[in-house]
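Let's walk through this protein together, one question at a time. Have the model open beside you as you read.

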Amino acid sequence: MRLICIFIALLILITQISMVACKTRNHVPSVIVFGDSTVDSGNNNKIATLLKSNFKPYGRDFEGGRPTGRFCNGRVPTDFIAEAFGVKKNIPAYFDPAYTIDDFVTGVCFASAGTGYDNATSDVLNVIPLWKEVEYFKEYQEKLRIHVGKEKANYIISEALYVISLGTNDFLENYYIFPTRRLHFTESQYQDFLVDIAENFVRKIYSLGARKLSIAGLVPIGCVPLERTINILGDHDCNEKYNNVALGFNAKLENMISKVNKELPQLKALSLNAYDIANDIFTRPSYYGFEVVEKACCSTGTIELSYLCSDKSPLTCKDANKYVFWDAFHPTEKTNRIVSNYLIPKLFAAYR
Ligand SMILES: *[C@@H]1O[C@H](CO)[C@@H](O)[C@H](O)[C@H]1NC(C)=O
């Protein structure tokens, strides 16, 4: 009799432990991505823009040496994040015809290289504006409800981890290039304008069921090789003015995130700040095993990205792991991995 009791008690204990284990494991069933080329996994392949990367040498260190439309020699941070959460190895692009709604159950990417918070930014290279990424998210929800049923779809939508990464292009592709925004906004006013759009975006996807939102700020944008190249007066150093604008933007973004967390019940928004880790990589690259930071791997490494970064160039580096930047605007997979390894514990602490 005693033995049977002990046996039953053990059985109950084991069941409870495994239930707890299951619950933790399923806490983030999917990773859903919005943003720009920092996280685009191939949506621009299918739209009428010049800003593409679905050709070699892009992707040469990706599985099978395949150019996917990621602006990298390999994987982007959201791929590493999805893998760390155990949902999938790489996040497929919503427009990639190789994938179906079945693949998107555990993660999907709506990001579009070249986009920004500001509609005028996505107009520059005719890419998907942020508001339209939200329209595709709505369409995706409909398909998901049909595919897995309403209840499971709602569970996925509310428990998924959302990663939002954009803002660089608003400054580097729009504000500092074209006069329109500069005539209307000071830098500080433009930061406010963008953060207002970010707040509306958060409220919008919250109203569509999203709860776990991690929002990336900006890295030191004045240090990308292209900006160094054109910083002639500054001796081709990082553009410190741009870096300070990035810091100011991040501070305002963080204020907004604290505010919405207080206002919206059950919202768990997190600021994903990669400025310091990126700055550390840019200032002491050799500590991380890099040999080159001023120039990118692709071609001359000074101005080339998208179609200018072509397989024809004999100058492209042999080992991208020695370079912080892959093209004149985007980090190598190795840099993406270091940044991701820094961010993942923060995401685990918040959501797992
Ligand atoms: C961007 O464009 C969309 C569609 O025209 C519009 O609904 C939205 O209000 C615009 N955003 C801003 C901040 O102007």
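Here are some questions and answers about this chain.

This is a predicted model, in which local features need pLDDT of at least 70 and side-chain atom pairs count only at pLDDT 80 or more, while totals for chains, interfaces and linings use all residues. Residues are numbered from 1 along each chain as its sequence is written.

Q: How many helices and strands does the protein chain have?
A: Helices (H or I, at least four residues) and strands (E, at least two) are DSSP runs, numbered from the N terminus. On that basis the protein chain comes to 13 helices and 5 strands.

Q: What is the radius of gyration of the protein chain?
A: The globule rule, 2.2 Å times the number of residues to the power 0.38, goes with a radius taken over C-alpha atoms. For 352 residues the rule gives 20 Å, and the protein chain is close to that, so it is as compact as a globular protein of that length; its radius of gyration is 21 Å.

Q: What percentage of the 352 residues count as buried?
A: A residue is buried if 20 or more other C-beta atoms lie within 10 Å of its own, exposed if 12 or fewer, and partly exposed in between, with C-beta atoms placed from the backbone. In the protein chain, the buried share of the 352 residues is 47%.

Q: Where in helix 13 does the kink lie?
A: The bend at a residue is the angle between axes fitted to the seven residues ending there and the seven starting there. Helix 13 covers residues 333-351, and its kink of about 30° comes shortly before the proline Pro345, at Leu343.

Q: Against which strands and helices do the buried residues of helix 13 pack?
A: Buried residues of helix 13 include Ile338, Val339, Leu343 and Leu347. Contact here requires C-beta atoms, placed from the backbone, within 7 Å. The partners are strand 3 (161-165), strand 4 (212-216), strand 5 (268-272), helix 12 (275-283) and helix 2 (77-84).

Q: How are helix 2 and helix 13 oriented to each other?
A: Axes are lines fitted to C-alpha atoms, for helices over the stretch in contact, and angles run from 0 to 180 degrees between N-to-C directions. The two axes of helix 2 and helix 13 are 9 Å apart, at an angle of about 45°. Angles under 35 degrees count as roughly parallel, over 145 as roughly antiparallel, 65 to 115 as roughly perpendicular and the rest as oblique. Helix 2 and helix 13 are therefore oblique.

Q: How far apart in space are Ala84 and Ser340, C-alpha to C-alpha?
A: Ala84 belongs to helix 2, and with 18 C-beta neighbours inside 10 Å it counts as partly exposed. Although Ala84 and Ser340 are 256 residues apart in sequence, their C-alpha distance is 9.5 Å.

Q: Is Asp235 buried or exposed?
A: Asp235 sits in the loop between helix 10 (225-230) and helix 11 (240-263). Its phi is positive, about 60°, although Asp235 is not a glycine. With 7 other C-beta atoms within 10 Å, Asp235 is exposed.

Q: Which residue does a cis peptide bond join to Lys56?
A: The residue lies in the loop between strand 1 (31-35) and helix 2. Omega of the cis bond is about 10°, and the partner of Lys56 is Pro57.

Key: Two residues are in contact if their C-beta atoms, placed from the backbone, lie within 7 Å.
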